[in-house]
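Hi,

Here is the structure I promised to pass on. My notes follow below it; have a look at both when you get a minute.

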Amino acid sequence: MNGSDSQGPLWEVFVQKKSGQPFVHCGNLHAFDKEMALQNARDLYTRRGEGMSLWVVLSSAIVASSPEDMGSFFEPSNDKIFRHPTFYQIPDGVGHM
Amino acid sequence: MGNVEKEMMNTNEALFNYTLRLGDSSLILAQRLSEWTGHGPFLEEDLALTNIALDIFGRAKSLLEYAAQVEGKGRTEDDLAFLRNERQFYNTLISEQPNGDYARTIIRQAFVDCFDLLFYTELSKSSDATLAGIAAKSIKEITYHKRHSFSWVNRFGNGTSESLERLQKGCNELWPYTNELFEMTEVDQMLFANGVAVDLSALKPKWEKEISALLQLANVSVQTEVHMQTGSRKALHSEHLGYILAEMQALQRMHPGAKW
């Protein structure tokens, strides 16, 4: 056993409030295996009826964009208004789309 | 006429005693589990076990509230919980045993959760609507408690030599308190005849099957020819209950009628 952190690996927790809605990140926890991670997530993050479904993912499995990439990844889309579907006149009879 | 009235009184007293037993067992077990607050092996487990304790306190409140109603002498669930003495409590002996280490706490929980799931599943079919309702609500909670305790027994049994040793020790020390869970008294018989109570003897083989499968999975052996502890059906308790009550009831006894 390597002394310093004996709580097990870190897992990220995502909760889905209702069926069909997106899973939302709500925190993380330490656990040694999948079953324990799932139970701990249920105990820590669904005490107050936060949701109906849980995902737990090893933090090491998550691939994240780095701050250095922010410019090339995300800024170009800021001034491309033609990508937004806002140029159509919706006939009254159609209602909400 | 006189005999019929006596019969009805006895059934009510039996129901009071029965409900008290269920409420007390939940109350004392929850009190024991809450001793782990802030002392859990790590944060996630600390929250898990204390949440389980809260679920069990909730059940205790519902049961004692009903018991007070059945008694019909104007007492509340708080009066029952905080103002009775040891010789008036009917909780099972296993619920008042010391927590010991985590392995011992967990294996006790496995024994009790396995029993409680079987018991409350049957009680949800009771002809007493209130008991059936409390039982139906408890089933989902207990399903989770059992999943938690069973998976930890498995982990300890298949972990290190130390975890298995502690688990085996806990099992040896608590096994003598398991038979009492299935004891049927005159109260059980009377209420079973009315469709209110559960036939505990029918639960025993199911419990034994599930527990022996679990213990086998966890590499834990069971002692045979063990003297089984008994007495709580007559409100005869181990020396531990007095200390539990002293701590649990201290505030209410020092400041009677306190409100906040």
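The contact between the chains takes 7 residues from chain B and 10 residues from chain A, where two residues are in contact if their C-beta atoms, placed from the backbone, lie within 7 Å. On the chain B side, helices H2 (43–71) and H6 (129–157) each supply at least two residues, and H2(B) gives the largest share, 4 residues. Helices here are DSSP runs (H or I, at least four residues), numbered from the N terminus.

Before you read on: this is a predicted model, with local features needing pLDDT of at least 70, side-chain atom pairs counting only at pLDDT 80 or more, and totals for chains, interfaces and linings using all residues. Residues are numbered from 1 along each chain as its sequence is written, and chains are lettered from A and ligands numbered from 1 in the order in which they are written.

As for chain B itself, there are 10 helices and 0 strands (a strand would be a DSSP E run of at least two residues). Its C-alpha trace spans about 65 × 45 × 35 Å along the principal axes. Of its 260 residues, 42% count as buried, meaning 20 or more other C-beta atoms within 10 Å of a residue's own, again placed from the backbone. Residues 24 or more positions apart make up 75% of the chain B contacts with a separation of 6 or more.

One more thing, on H10(B): B:Leu241, B:Ile244 and B:Leu245 are buried there.

Cheers

Methods
A residue is buried if 20 or more other C-beta atoms lie within 10 Å of its own, exposed if 12 or fewer, and partly exposed in between; C-beta atoms are placed from the backbone.
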